[in-house]
Amino acid sequence: MAVSTSIEPFLTAAGRPVSTPLSDVRAISRQMVVHFIENVVPCGTLPGEALDGDITTVTRICLELTRSMLDGRDLPGRVERVQAAAADWAREGIPIDTIHHAVYEGFKLGFDLIITNVTNHDYDTMVGVVRRLMDAQDMITAAVSAAYVRELRAVVSEHHTAVHTLTSALLGGQNTATMARECGIEIDTEYHVMALELPPHAKESEPGLNAKVVARRKLRRVQAELADRCDGKALSLLSVDGGTLLLPASEFAGADLDDLVTRLSAAAQVPLRAVVTTAAPTEIPRAAEEVHELIEIVHRLGGPSKVYRPHELAFEYQLTRPGPARDYLSSVLDSLEPHPELMQTLEVYLATNMQRARTARKMFIHTNTVDYRLKRITQMTGFDLNDITGLCYLRAALLIRAHRSTKTAEVPEDPGTRAS
C-alpha cells in the first residue's frame, strides 16, 4: 500500500497550518503512549520495551503521516513501516482490536490538539481537516489490518504444519523429542487417544448442493470448536469422515472428553461417536489402531452418539477376533440371505432394544408384521429371539457378519485418519 502522491491544498486555521499543534511529534507520541496505557486496557499489560520502543516509534510515524496529509504532503515509506509493525504485533499475539482502539484513541487525541486554536470562522477548514483525518485513519487502519491478517495466516499455517507433523510422528511411533522442541509443543506423559467418527451431514445428500463443500464446512466447524475448547492443546488429524485426536491427559479429565464430543456434535450439526483410551506416547500407535477398530464396530452397530471406552465394547470386540467360533456364528444368518426384509427386521429390532412398536415405526410396517417376521427368523435360524441364548447368538451373528462385510468392502486405512 502506498500513500497517494496527489498534493492537497494546504490547510490553515487562525492564520497558521492546522498541523502546527502536532509539530512536536516526539513529545506528542510519548503523550499518546501514556494515554494508551491509561485508556486502552490491554496496552497496560504489554512489556515496557514494547511500549517504549516499537509502539512509540510507530505512533510517531502515524503522527508524521497524519501531519503530512493535513499539509498536503507525501511521506513515502511510512505506511510500509506501519505494516511491518502490525506483522510483528500479530506474531507477538497482540489483539487486533487493541491496535485499532489505540489508533482511534490516537486520532481522537490529535483532533483535540488541532481544534484548540480553531475559531468560529474556520468552519470550512475544519471540514477539510476532518475529511483528511478520516482518510489518514482509513489508510492506517487498512494497512494494519492487511499486514496483521497476512502475518496471522502465516503463523496459523506454521502452527498447523507443526501440529500435523508432530501428530503424525506420534501416531507413527517415531522419536518425537527433537521434533517437539522444533515445533515448540511439549510432549505430555500420557494422552487420551480418541477415534472420532463424523457422519455425513444431511445437506451432503441434498440435491443442488455441492456435497464436498458441505462436508468441508462441517469439518471446519469442528476444527474451530476444537481450537476454541482445547486452546491449541489438542493434536489432531481429521478428515470429513473423522480421524484421531490426541489430548494431553494432564489437561483433560474423563468428564471433559464427554463434554467435548457433545460440543463437537453441536458444532458439526451431526451426532458424533468416539472411542477413547489412554496411552503413553510410545503406545499411541497401538492405542490408535485399537480405538479405530472399536469405532468401526460402534458404526456397524449404529450405537448412540457418545464417548465409548474400550471396556464398554469388550464383548463386541472379542466376537470380531478370528477363529472357528466366529466362523460358525457368522454362518447362523446364511439362511436369511435370500430374505433381506427379515435381515433388516432383525437389525432394527435389536437396534431398538427389542421394542416391537419402535421397530414397526422405523420400518413403516404393522406390529403384526414385525411379529410374523420374528417368528420366521426363529424358524429359519433355529434360534428363538424370546430366549436369552437365542438372542445372544443372533446378536453376535449379526455383529460378526456386519464386521466381516465391512472388512471385505473397505480398503485398510491409516489409523490416523478415516479417509472418505
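Me: What share of the contacts in the protein with a separation of 6 or more do residues 24 or more positions apart account for?
Reply: In this predicted model, local features need pLDDT of at least 70, side-chain atom pairs count only at pLDDT 80 or more, and totals for chains, interfaces and linings use all residues. Residues are numbered from 1 along each chain as its sequence is written, and side-chain values use heavy atoms, without hydrogens and water. With a contact taken as heavy atoms within 4.5 Å, the share for residues 24 or more positions apart is 70%.

Me: Which helix supplies the largest share of the lining of the largest cavity?
Reply: A cavity is a set of 1 Å grid points, over the protein atoms alone, where a 1.4 Å probe fits but cannot get out; lining residues have an atom within 4 Å of a point. Among the 25 lining residues, Phe36, Thr59, Cys62, Ala102 and Val103 are the closest to the centre. Helices (DSSP runs of H or I, at least four residues) that each supply at least two lining residues are α1, α2, α3, α4 and α5. The largest share, eight residues, comes from α4.

Conventions
On a 1 Å grid over the protein atoms alone, a cavity is a set of points where a 1.4 Å probe fits but cannot get out, and a pocket is an open set with protein on both sides within 12 Å along at least five of seven lines; lining residues have an atom within 4 Å of a point.
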